[in-house]
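Here is a short tour of a fold, written for someone who likes to follow packing and strand pairing by eye. Please keep the viewer open as you read.

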Amino acid sequence: MESVELKVEMVGIHEKRLRKCLSKLKGIEKVEVDANSQKVVVTGYAHRNKILKAVRRGGLKADFWSVQNELLHAYASASYGSLRFNNFNFF
């Protein structure tokens with residue numbers, strides 16, 4: 001079984017559309033959606049490119065999740081008062 005992580009630009013109403021697109025694919029066991037970070041984790045036996053293609057075909061902007069997305073989410077969710085890098089305050 002394989003897990004595929006995607007970054008999908010969506011608002012609350014798009015989760016239903018996302019799940020409908022993925023329900024048409026065979027081999028998908030579970031879909032986890034984190035709307036705050038716009039991260040979708042699909043677990044199953046479907047090929048990662050087919051998953052991405054199905055989401056895009058449903059009209060959603062999507063790409064594979066990368067380390068840059070993780071860093072951007074961590075930066076955006078950090079409180080500005082406690083953001084420190086090498087003991088220097090940025091804000």
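This is a predicted model: local features need pLDDT of at least 70, side-chain atom pairs count only at pLDDT 80 or more; totals for chains, interfaces and linings use all residues.

The exposed residues Lys 16, Lys 20 and Ser 23 sit on the face of H1 that is turned away from its buried side. On that buried side you will find His 14, Leu 18, Cys 21 and Leu 22, within a helix that covers residues 14-23. Looking down the axis of H1, the buried residues fall within an arc of 95°, so they line one face of the helix. Their packing partners are strand S1 (2-9), strand S2 (28-34), strand S3 (39-44) and helix H2 (48-57).

Now for the sheet. It is open and built from four strands in the order S2-S3-S1-S4, with antiparallel pairing. S2 and strand S4 (61-64) are the edge strands, each with a single partner, so one side of each has no neighbour in the sheet. On average, and ignoring direction, neighbouring strands are turned by 25° against each other.

Both helices pack on this sheet, as the table shows.

| Helix | Strands touched | Angle between directions |
|---|---|---|
| H1 | S1, S2 and S3 | about 165° with S2 |
| H2 | S1, S3 and S4 | about 165° with S4 |

Val 31 has Val 42 in S3 as its bridge partner, while Val 33 stands opposite Val 40 in S3. Four residues lie between the strands of the hairpin, where Gln 38 adopts a positive phi near 60°.

Terms used
Residues are numbered from 1 along each chain as its sequence is written. Side-chain values use heavy atoms; hydrogens and water are left out. Buried means under 20% relative accessible area, exposed over 50%, partly exposed in between (1.4 Å probe, protein chains only). Helices (H or I, at least four residues) and strands (E, at least two) are DSSP runs, numbered from the N terminus. The arc is that of the directions from the helix axis to the C-beta atoms. Contact means heavy atoms within 4.5 Å. Two strands pair if DSSP finds at least two bridges between them. Axes are lines fitted to C-alpha atoms, for helices over the stretch in contact, and angles run from 0 to 180 degrees between N-to-C directions.
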